[in-house]
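Hello,

Here is the structure we talked about. Please look it over, then read my notes below.

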Amino acid sequence: MTASPSPVLPNAVRFEQVWTRFGDKLIHQNISFCLQQGQILGLVGASGCGKTTLLREIIGLQTPSQGNIFVMGKALPKQAGHLDLQTSRLSGVLFQKGALFSALNVFENIAFPLRELGIADKGFIQHLVIMKLQRVGLTTSDAGLMPAALSGGMVKRVALARALILEPSLLLLDEPTSGLDPIASEAFVSLLSELYGELNFTVVMVTHDLDILRDLCTEVAVLADHQLIVKAALPTVLACPHPFIGQFFHNRRANRVFCN
Amino acid sequence: MTDKATDFQAIPQLETVQQADGQFCAVLSGSWHLCAVVATPKLRALLQQCAENAVTHWDLRSVTALDSAAALIIWRAWGGQWPAYVQIKPEHRQLLQRWQAQVLPNPPPKSNLWIGQGIADSIGSVAGHLRSLLILQGQLLLDVAYLLSHPKAIPWAEISIIIYDAGVRALGITALVGFLIGVVLSYLSALQLKMFGAEIYIINILGMSIIRELGPLLAAILVAGRSGSAMTAQIGIMRVTEELDALSAMGIAHSMRLVLPKIAALSLVMPLLSEWTNVAALLGGMVSALVTLDISMGQFVMKLPEVVPLANVFIGLGKSAVFGLAIALLACHFGFRIKPNTESLGIETTNSVVASITAVIMIDAVFAILLMKVGVP
């Protein structure tokens, strides 16, 4: 049997005519797109334009008012928070502020999904957690620390280790580099790209970081005026004539990033 | 669509086949993902069984996908060493080799807990509580002295908000509880008094017990549960969201802006609430007396001032003010002890309520002993 991973894979994420409203407020207007597996999608847009809502819809924390969302070929349920475990285990989520359980130490935080899966083998958990911990660049001596004692960069790393512990095929990141200094941010990006090369997952991330868009993302989706303006590789996006893209990608700061 | 999905998540499988030379060979196939492997306990049992039977030939070439966690499961089934004959894709071999290379650090030595240590710790913790309570009180005293000389700095707005939250909004619940307790107390006493033909003494019993003891105590316990816990949680959340630090950075003292208004407001509002509870409880008692003993409300109201000396009202009022002070002080004390994690928030809020109710009852006992001869007819 020649195993070639290939065209049979379902889309990692598929939106079909998704509309979202909060009361009278329109958030998403008819959003449709497909994301192939193995891509890194960067979601950009102005603050408050519904990027995080889109991400929350993929996680299953919120449901659209209209339309369907498929994750790894499975339709998400119509009620928020009713995600079955099987689906939720396909994806790992890195929340903006880490969302570590403050009552558990680093080790227990990372081991939590494993224990919830019903794994009781202590040696197994220990091996796996220590491996992930080292993988995200932390040492075993950090394992006993409480989340309150961690720096911002460490919180992100621990949260990433927790998101990766079940080997998800889809990784969802909400502003992965916000609140990090440039060095930590750079280190985090190179860590992500290293892991990406090795673990072969799909990534959807919300970000404002132009460097990430340039260095890491294989595709960029731009949200503005409640709509998905464009979803394509970065050069195509840069060439798009929409006024928001002009503001976002062709200002002085962005030109510094993209023109070098 | 469905066959695509199943191909993507091909079920992990393990078969043992007998080779031409009579040896058994374990053949693994499918996609070995952690979740899939864990979801099929049979598979792990089979894996374990093969390893225990010392199967030396393993064929992993048909495995379409292997993640590092599933690799660890296989590696541990092998007992941490390569079987004699393994056929495996190079990328999967790499995963297993990584586990081969991993060395676990020694676990840190567990600290030995002995009973003396536990006792010493709890003495230390009590001393710590007393010390920080003392500091808080000292700070408050300084604040009060400052405010006396600078009356413009008195935080009226905060005080009034707390009076509204802890006082006005508690009127309903205190009235309800007071009324019901009055009814029950009156009914139970009436049963006893009837036996002696001393029905008229119901007014003495209700008047003395409610005005001197039950009213203030009931109100204080309700406020401790209602507002004390809220104050502790509020200060705790302010710690978590760094609002406390923001106040400090602006040069605003916590004791002045957060503690003092709470204490001032509760000391003011508790006597009023306890009088309110008294009224409700006496009303309940009156209704019950009317029904069970046929003592009219008018008679009750006329007789009450005769049998309950006025001193009792003042004792109740004074006690209540002290209760309010103690509840607010303890609530703030425990609030500042909250560390920025969820567990600590729960623990300290519980501690706050338990400590303030205990303190209220202890203070009540002290008052009872000190004022043994006062206000008794």
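Chain B is divided into domain 1 (2-101), domain 2 (108-150) and domain 3 (155-370); the bounds come from an automatic or database domain assignment. Over C-alpha atoms, the centres of domain 1 of chain B and domain 2 of chain B are 58 Å apart.

Some ground rules. This is a predicted model: local features need pLDDT of at least 70, side-chain atom pairs count only at pLDDT 80 or more, and totals for chains, interfaces and linings use all residues. Residues are numbered from 1 along each chain as its sequence is written, chains are lettered from A and ligands numbered from 1 in the order in which they are written, and side-chain values use heavy atoms, with hydrogens and water left out.

Now chain A. Its secondary structure comes to 10 helices and 10 strands (DSSP runs numbered from the N terminus: helices are H or I, at least four residues; strands are E, at least two). The radius of gyration of chain A is 19 Å, close to the 18 Å from the globule rule for 260 residues, so chain A is as compact as a globular protein of that length. That radius is taken over C-alpha atoms, and the rule is 2.2 Å times the number of residues to the power 0.38. Buried residues make up 52% of the 260 in chain A (buried is under 20% relative accessible area, exposed over 50%, partly exposed in between; 1.4 Å probe, protein chains only).

Next, cysteines. The whole structure has zero disulfides over all chains (a disulfide is a pair of cysteine sulfur atoms within 2.5 Å). For A:C49, the nearest cysteine sulfur is that of A:C240, 15 Å away. A:C49 is buried, at 12% relative accessible area. A:C217 is in no disulfide either; its nearest cysteine sulfur, that of A:C49, is 15 Å away. A:C217 is buried too, at 10%.

Last, aromatics. There are seven aromatic pairs over all chains (Phe, Tyr and Trp rings, the six-membered one for Trp, with centres within 6.5 Å; planes under 30 degrees apart are stacked, over 60 edge-to-face, the rest tilted). A:F15 and A:F33 are stacked, 4.9 Å centre to centre with 15° between the planes. A:F15 lies in strand β1 (residues 13-22) of chain A and A:F33 in strand β2 (residues 25-35) of chain A, so the pair ties together parts 18 residues apart in sequence. A:F15 is buried at 2%, and A:F33 is buried at 9%. In chain B, B:W75 and B:W82 pair edge-to-face, at 5.4 Å and 70°.

Best wishes
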